Amino acid sequence: MAPGRGRLGPFLSRAPEGADIVRALQVLADVPSPYGHEAAAAVRLASWCTARWPWIDWDVQRYGRGGANLQAGDPRGVLLYSHLDTSLSGDPAEDRPITARADALPPLKVTASEVTGFGLGVARAPAAAALIAFVSTASRGIPARLLLAGSGTHRSMLHGPGGITRSTGLDHYLATEPRPSAAIVAKGGPPTILWEEPGALYLRLRVVGRHGAVLARESADPPGGVIAHAGPVIEAVERWRAAYVASNQAPGTQVGPAAGIGSLTAGRPDKPDLFPALLEAGIYVVTVPEADPQAIAAALRSEVETACANGPLAGCTIEVDVDEIHPAAATPADAPLVRTARTAWQKEFGAAPPPITGWTGSTDGVALRAHGIDTVRLGPASRPSAEDPRCDVLDLASLAAYARLYAQLLS
C-alpha cells in the first residue's frame with residue numbers, strides 16, 4: 001500500500017501503468033540474474049522492451065565474464081538507477097546454506113492488488129516501476145536516462161582465491177558513459193526519501209591453530225581443533241558488535257550502524273574425520289560517516305584476542321582482514337534534487353516525506369555520491385511471503401505510485 005493511500009481496488013483497471021509493470025516483472029522473473037551473471041536477463045528484458053517500445057534505443061552493455069547492464073535514453077538527463085541482480089542466486093541448491101530449503105521457487109503470482117515472487121524486494125519490483133517511469137518520461141521527449149545495472153548487491157572480495165577486484169555494473173557505466181547531472185536510486189526501502197546512506201564493509205576473522213585427526217584428539221592444537229572452541233569466538237564477536245553499534249550512532253543524520261556474523265566455516269563437509277586448523281567468520285558492517293575501517297577491524301581483533309588469551313585458543317593466531325565496499329556519503333539536504341523529491345512526494349502522497357534516523361541500508365547511491373553526483377533513494381517496501389519467505393510481496397498500487405513519483409523526478 002502506498003504511503004498515505006488506501007487500497008485502490010482492482011489494480012490493472014485503475015492504474016494505466018499497472019499492466020506494463022506486471023509484464024516487466026514477468027519478464028524479469030523468467031530469467032535468473034545472480035550477481036555477475038545478469039547478461040541473459042539483460043538481453044531478455046532488452047528484447048521485450050524493444051518490441052514494446054521500438055522508438056527507444058535499448059542497449060545491453062556487457063562487462064566481465066557474465067555481467068551486463070541495460071541502459072536507455074539520453075545520458076544528459078537525470079539518471080534513474082536500479083539493478084538486475086538478486087541477493088540470492090535463485091538456484092535452490094546454491095542458496096540452501098542461507099535459506100535451508102532445496103525445493104523449487106514458486107512462480108510469480110499476481111492478484112488484483114499484490115505481486116509475490118522471488119527477488120522482488122531487493123530490486124526487481126522497484127526496477128520494473130523505474131522502467132515504466134522512464135518510458136513515460138522518454139515518450140514525452142524529456143531527456144532522461146535509465147540504468148538497470150548488474151552486480152548491484154554486495155559481495156565480499158575476501159572469499160575465494162584472493163586477488164579479485166570489485167567491479168560493478170555501475171562502476172563500468174561511470175567509467176564509460178557521460179556523468180549524469182543527478183541520480184535517483186530506485187530500490188526498496190523505508191517509506192520516505194533518503195539523501196544520506198551509510199557505508200558498508202566486510203571483515204574476515206580467522207582463528208588459526210593446527211589441524212589433526214578425529215581419531216587422535218590431541219593431534220590438533222587446540223585438542224579437538226579450533227571448531228570445538230568456536231563458542232568463545234562467537235561470543236567475543238557479539239560483544240564487539242554490541243559495542244560497535246552503541247558507540248557509532250550518527251545523530252543528526254539519516255543513517256546508523258549495524259554489524260553481524262553472516263558466515264562461519266571450518267573444515268570440509270566431505271572430510272569430517274579431520275579436525276580443521278582454521279575457523280573463519282565473515283562479518284558485514286554498516287558504517288556511519290567518518291568511520292575508520294582499520295580501527296573497526298582492530299577493535300574486533302582485540303576483543304577476540306582477549307577472549308582467547310586464557311583458554312584453549314591461546315596459542316592460535318587471530319587475523320582480521322578488511323574489504324570496504326564504500327564509505328558513507330550524503331547529498332546536501334537542500335540540494336535541488338532533494339527539494340524536487342520532497343515536492344514530488346508531497347504531490348503524490350499528500351504529505352511531506354517522514355523523517356528517518358538510524359537507516360542501515362546501503363546501495364550504489366553511495367557510489368554515485370562519491371563521484372560528486374547528487375542522489376536520492378526511494379522505493380516501495382516489501383514484506384516476506386507467509387507461504388515462502390524466499391519470496392517478497394508488494395502492493396501493486398504502491399508500485400504504480402512510485403512509478404509516477406520517479407516520472408515526476410525525471411521531468
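Two strands are said to pair if DSSP finds at least two bridges between them. The views below show close-ups of a predicted model.

**View 1. Strand β13 and its two antiparallel partners, β9 and β11.** Strand β13 covers residues 278-287, and because seven of its ten residues are buried, it is largely enclosed by the rest of the structure. Strand β11, made of residues 258-266, pairs with β13 in the antiparallel sense over eight bridges, and within this pairing I261 stands opposite I283 of β13. Strand β9 also runs antiparallel to β13, to which it is joined by ten bridges, and here Y202 has Y284 in β13 as its bridge partner.

**View 2. The largest nonpolar core, with L80 as one of its most connected residues.** This core has 61 residues, and those with the most contacts inside it are L45, W58, L80 and Y406. Helix α5, which spans residues 120-139, gives the most to this core, with eleven residues. In general, nonpolar side chains in soluble globular proteins tend to be buried together. When neighbours within four places in sequence are left aside, L80 is in contact with A130, A133, F134, R145, L146, L147, I184, A186, Y406 and L410. Another core, of 25 residues, lies apart from the largest one, and among its members are L203, A259, A281 and A297.

**View 3. A salt bridge between E197 and R377.** The side chains of these two residues, E197 and R377, meet at 3.3 Å, N to O. The pair links distant parts of the chain, since E197 lies in strand β8 (residues 196-197) and R377 in strand β16 (residues 375-378), 180 residues apart. E197 counts as buried because its relative accessibility is 1%, and R377 likewise counts as buried, at 4% relative accessibility.

**View 4. A salt bridge between D321 and R204.** The side chains of D321 and R204 meet at 2.8 Å, N to O, and the pair links distant parts of the chain, with D321 in strand β14 (residues 317-326) and R204 in strand β9, 117 residues apart. D321 counts as partly exposed, at 25% relative accessibility, whereas R204 counts as buried, at 14% relative accessibility.

**View 5. A network of salt bridges that includes R101 and D103.** The structure holds 22 salt bridges, and one of them joins the side chains of R101 and D103 at 2.8 Å, N to O. R101 is partly exposed, with a relative accessible area of 26%, and D103 also counts as partly exposed, at 34% relative accessibility. Salt bridges that share partners join R101, D103, D388 and R390 into one network.

**View 6. H211 in a loop between two strands.** H211 is found in the loop between β9 (199-208) and β10 (212-213), and because its relative accessible area is 52%, H211 is exposed. Not counting residues up to four places away in sequence, H211 touches S219, A220, F275, P276 and A277. The C-alpha atoms of H211 and H326 are separated by 36 Å, and these two residues are 115 residues apart along the chain.

**View 7. The buried cysteines C49 and C391.** C49 counts as buried, at 0% relative accessibility, and C391 counts as buried as well, at 3% relative accessibility. The structure holds zero disulfides.

Methods: Residues are numbered from 1 along each chain as its sequence is written. This is a predicted model: local features need pLDDT of at least 70, side-chain atom pairs count only at pLDDT 80 or more; totals for chains, interfaces and linings use all residues. Side-chain values use heavy atoms; hydrogens and water are left out. Helices (H or I, at least four residues) and strands (E, at least two) are DSSP runs, numbered from the N terminus. Buried means under 20% relative accessible area, exposed over 50%, partly exposed in between (1.4 Å probe, protein chains only). Contact means heavy atoms within 4.5 Å. A disulfide is a pair of cysteine sulfur atoms within 2.5 Å. A nonpolar core is a set of buried Ala, Val, Leu, Ile, Met, Phe, Trp, Tyr and Cys residues joined through side-chain atoms within 4.5 Å. A salt bridge is a side-chain nitrogen of Lys or Arg within 4 Å of a carboxyl oxygen of Asp or Glu.
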